[in-house]
Amino acid sequence: MMDIALFATVVILHLYTLRRKQALGEPRSGEDATTDTRGDNDDIIPQKCLQDGTSLNAQELICLVTADNQPLPHGGLRAQMRLQNLWHRATYVLVRHEPEHLESHGDTHHPSNIFVLVQKRSTQKDYCPGRWDPTPGGVVGFGESYVDNVLREIQEEMGIDVSTGNAQNNEWQRLFTFSYQDARVRVWGDFYECIYRGTLHDLKLQDEEVESVERMSLQELQHKFQHHPEEFMPDACHAMKLYFQRTLDVSVQRKLLKGYSSSDLDAYQLRPKPAVIFFDCDDCLYFDGWKTANQLTAKINEWCVNHGLQPGQSYGLYKEYGTALRGLLAEGYLDDNPQAIDGYLQSVHDIPIAQLLKRDDRLRQLLLRIDPSIPKYIFTASVRDHAERCLKALGIDDLFVDIIDCKACQLETKHSRFSFQVAMQVAGVENPEECLFLDDSVKNIQAARSMGWRSVLVGLKGRDDGKPVSSEHAELEVDRIHDIESCLPELLVAPAAEPAAQIL
């Protein structure tokens, strides 16, 4: 059953698609490129009133800020801010309506059962008059804090008391701060969520600010966003995108890792859609209790013993050089020429993959559901032939654009910076944050983080000791590859048709 997290995913995907359909271009860092689509007649009266100083609250002294949200020492007049489109502060409040006298029915997390109060702005407003606002709040006054403003505005405009110990047990919490700019507004907003437990009759609307209030389910609100975006405030729409993203991230326990656009709640941004997804192969796309991995290890040890090394010495080479192959080359146990290297790689990967791995139709269907506009690559420390045999055994060999193997990376360790650079070059991606990486190795996950990639750790138990495994560098951690269905739902679309031909 769809809950609020899945609904958030639907909204994020829809708003992304809508923005593309409107040919608005990609947002700049920390901003939204949404264009204000109001007609000319909608702007004539506010502009005239701003110019002659007769607009609502035109002479109000407000908090002006720099582009990075630092308050200016003397503030400025509200009319000046609107006319010159100056950076300022404002609050945004999503008011969830949960009246105590109404009993909840059905799934209380379903978006059809989550209700919010949406304001219809007064036609006297100097910005977006007459539009719907799902995040009522206000412009922060000079010398006023965000918190003081939100407590004041919600009380003045709607009569909602969220002060400590209020009679209705209303609650509120701050969620994040964000920036937004378009041709009409430049604002640093503070976003709050309020739980209002009173009735609609208890609301006391401020006539000059609010024309009316409508109670809508999140599902209905999403429908209105979809079909009538011009009826809503563009900055509020952006704020709601961020809210849905944050709601989804909390529900799947996504970590806030420093350095990513969506990691700083004091300068919160929309996360860029992945331009590419890199999948590790062994122990990531499948889990067989490390049977395949153990056979590969045994074959490497066997080759080394047959060439004069002591049993177990291959593991020492791996620990010192990153791979046994690099150790063999460095210490002269293997000739550094293509024929010798290919012979070694062929020998150590000569294991019965078809007997070890079975077709995984669940995995196939999951991969088919990933947004087809996002190319998928295999990024493996193994060789292409081994990866191809694994993919064929799993029944997914036709679902990837290419395989980036150890030879493509010139035998460098997978966790080297060079290997990650090769992967990006092969995929044709320049922005590292648009790279999504799934791997079972904490060392590889750490390397991906150092490159600026986003990562998912697949597998929560260690091969050697069976103890829990975790990575501070992974945004998400899952036990099996199939679990990305629940933690990355924003990447999934409706089930796709089977591809007509093999891509590899």
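**Exercise 1.** Find the ring under the charged end of lysine 414 and give the distance to its centre.

*Solution.* Start from the criterion: NZ of Lys or CZ of Arg must be within 6 Å of the ring centre and within 35 degrees of the ring normal. The ring is that of phenylalanine 379. Its centre is 5.0 Å from the charged end of lysine 414. Arginine 454 gives another case: its charged end sits over the ring of tyrosine 260, 4.6 Å from the centre.

The model is predicted; local features need pLDDT of at least 70, side-chain atom pairs pLDDT 80 or more, while totals for chains, interfaces and linings use all residues. Numbering runs from 1 along each chain as its sequence is written, and side-chain values use heavy atoms, without hydrogens and water.

**Exercise 2.** Count the aromatic pairs, then classify phenylalanine 278 with tryptophan 453.

*Solution.* Rings of Phe, Tyr and Trp (its six-membered ring) pair if their centres lie within 6.5 Å; planes under 30 degrees apart are stacked, over 60 edge-to-face, the rest tilted. The count is 21 aromatic pairs. Phenylalanine 278 and tryptophan 453 lie 4.6 Å centre to centre, with 15° between the planes: stacked. They are 175 residues apart in the chain.

**Exercise 3.** Classify the pair of phenylalanine 287 and tryptophan 290, then state how accessible each residue is.

*Solution.* For accessibility, buried means under 20% relative accessible area, exposed over 50%, partly exposed in between (1.4 Å probe, protein chains only). Phenylalanine 287 has 35%, so this residue is partly exposed. Tryptophan 290 has 18%, so this residue is buried.

How values were computed. Helices (H or I, at least four residues) and strands (E, at least two) are DSSP runs, numbered from the N terminus.
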